[in-house]
Amino acid sequence: MVSPRDETLKNNLVFLQKEKEEFKPEGEKKSDGLLGEVASERQRLRDTFEQLQQFLREQEGVLLAQLDRAHGELTKERHEYISSVSERKSLLDTLIVEIEKKRDQPVVEFLMDVGKILSSCEAAKAPIPEPVSPELQRTVKSLSEMSQLVVGAVDKFKVNLLSEVDRERVKVTLDPETAGPYLILSKDCKTVRLGDGQQNLPDTPKRFTGSPSILGSQGFTAGRHYWELEVGNGDSWAVGVAVESVRRKDSLSMAMGKIWALRRDWNLQYTALHMPPAPLALEEEPRRIRVHLDYEAGQVTFYNAENMMQILQFKASFTEKVFPYFWLWSEETYIQLCA
């Protein structure tokens with residue numbers, strides 16, 4: 001008689017043997033496909049940049065050769081001009097001496113060689129050649145214009161390439177409707193300072209009145225985004241993000257639960273500004289800061305934009321719109337958004 005336990009083991013064995021026969025995982029194919037795609041794109045990028053570098057080297061060689069030729073011709077004409085000036089000065093000095101001698105000579109001696117002296121005087125009146133020929137001046141002007149066009153084209157190319165490749169970067173401006181009444185904004189809404197008094201502004205639901213805070217004009221409900229800013233040499237500033245429901249009529253301490261920011265305090269201490277706030281020990285004093293938001297991953301990361309060293313990272317869970325956030329409480333500093 002087969003016991004229930006033996007029957008169970010037998011059933012499990014049959015199941016496992018069937019599973020083993022049918023067990024044909026194909027996950028490696030997906031990995032292999034992606035690895036092949038990465039390798040292919042890597043080679044394509046290498047080839048593209050090598051071709052671009054070769055093209056730029058060729059164009060650089062052509063343009064520099066033209067400039068070198070112009071430099072050589074200018075040098076030659078300069079030497080010829082200096083030589084002409086030197087010869088003319090020597091001729092003038094000689095003629096002046098000879099004429100001064102002739103004035104005091106008897107008539108017979110005076111008439112000797114006077115024709116030669118008069119001929120030399122006419123030569124001394126002849127115009128000296130231009131230091132640079134009109135043709136060469138036009139050549140230099142044309143090359144200068146071409147150089148400026150090349151520099152402008154390269155600058156545009158770099159900007160366009162970065163804008164196409166660096167899709168996570170966003171242009172942030174400050175929202176004046178959210179600005180606390182003590183804050184002064186620049187006309188382009190890129191810089192904020194602390195004023196010396198309170199402005200008479202309408203107390204709307206969007207405006208911060210409990211703290212000198214301000215939000216960016218654009219909020220985010222998905223995706224990865226970053227922006228960069230500069231802070232002045234002073235203290236008492238904070239930069240980061242805040243959710244749309246952040247408390248705007250209360251003090252900063254009451255609103256911290258919905259703010260994720262890096263703050264520099266009045267005592268030059270850095271703080272991870274959230275609930276609860278935590279002190280930070282930074283080896284450097286960042287002046288240009290990158291704030292990176294990954295909405296789905298719930299990450300807010302701060303970098304020193306000058307060397308891309310990570311300063312701080314928050315983990316969160318966002319369920320509403322997230323805005324760039326700024327706080328300022330010192331007249332000696334500023335916050336400026338970078339283009």
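In strand S9, the residue that forms a bridge with Leu229 is Ile289; strands here, like helices, are DSSP runs numbered from the N terminus, with at least two residues (E) for a strand and at least four (H or I) for a helix. Two strands count as paired if DSSP finds at least two bridges between them.

Before I continue, please note that this is a predicted model, in which local features need pLDDT of at least 70 and side-chain atom pairs count only at pLDDT 80 or more, while totals for chains, interfaces and linings use all residues. Residues are numbered from 1 along each chain as its sequence is written, and side-chain values use heavy atoms, with hydrogens and water left out.

What else does Leu229 touch? Apart from neighbours within four places in sequence, Leu229 is in contact (heavy atoms within 4.5 Å) with residues including Val239, Val291, Phe326 and Leu337. Leu229 and Trp227 touch the most other members of the largest nonpolar core, which has 38 residues. Strand S5 (residues 237-243) gives the largest share of this core, four residues. Such a core is a set of buried Ala, Val, Leu, Ile, Met, Phe, Trp, Tyr and Cys residues joined through side-chain atoms within 4.5 Å. Buried means under 20% relative accessible area, exposed over 50%, and partly exposed in between, with a 1.4 Å probe and protein chains only.

I return to S9. Strand S9 (residues 288-294) has six of its seven residues buried, so the rest of the structure largely encloses this strand. S9 also pairs with strand S10 (residues 299-304), antiparallel and over six bridges. Within that pairing, Leu293 stands opposite Val300, and His292 has Thr301 as its bridge partner. Four residues lie between the strands of this hairpin, where Gly298 takes a positive phi near 65 degrees.

Where do these strands sit in the sheet? They belong to an open sheet of seven strands, ordered S1-S2-S13-S4-S9-S10-S11, with antiparallel pairing. Its edges are strand S1 (183-185) and strand S11 (309-315), each pairing on one side only.

The model also has an open sheet of six strands, in the order S3-S12-S5-S6-S7-S8, again with antiparallel pairing. Strand S3 (213-215) and strand S8 (278-280) are the edge strands there. S3 meets strand S12 (residues 322-328) through three bridges in the antiparallel sense, and Ser213 stands opposite Trp327.

Finally, I turn to Val170, in the loop between H5 and S1. Is Val170 buried or exposed? Val170 is buried, because its relative accessible area is 14%. Leaving out residues up to four places away in sequence, Val170 touches Phe220, His225, Tyr226 and Trp227. Val170 and Gln218 are 48 residues apart in sequence, and their C-alpha atoms are 9.3 Å apart in space.

Val170 is also one of the residues lining the largest pocket, among them Tyr226 and Cys338. On a 1 Å grid over the protein atoms alone, a pocket is an open set of points where a 1.4 Å probe fits, with protein on both sides within 12 Å along at least five of seven lines, and lining residues have an atom within 4 Å of a point. Helix H5 (residues 134-165) supplies the largest share of this lining, three residues.
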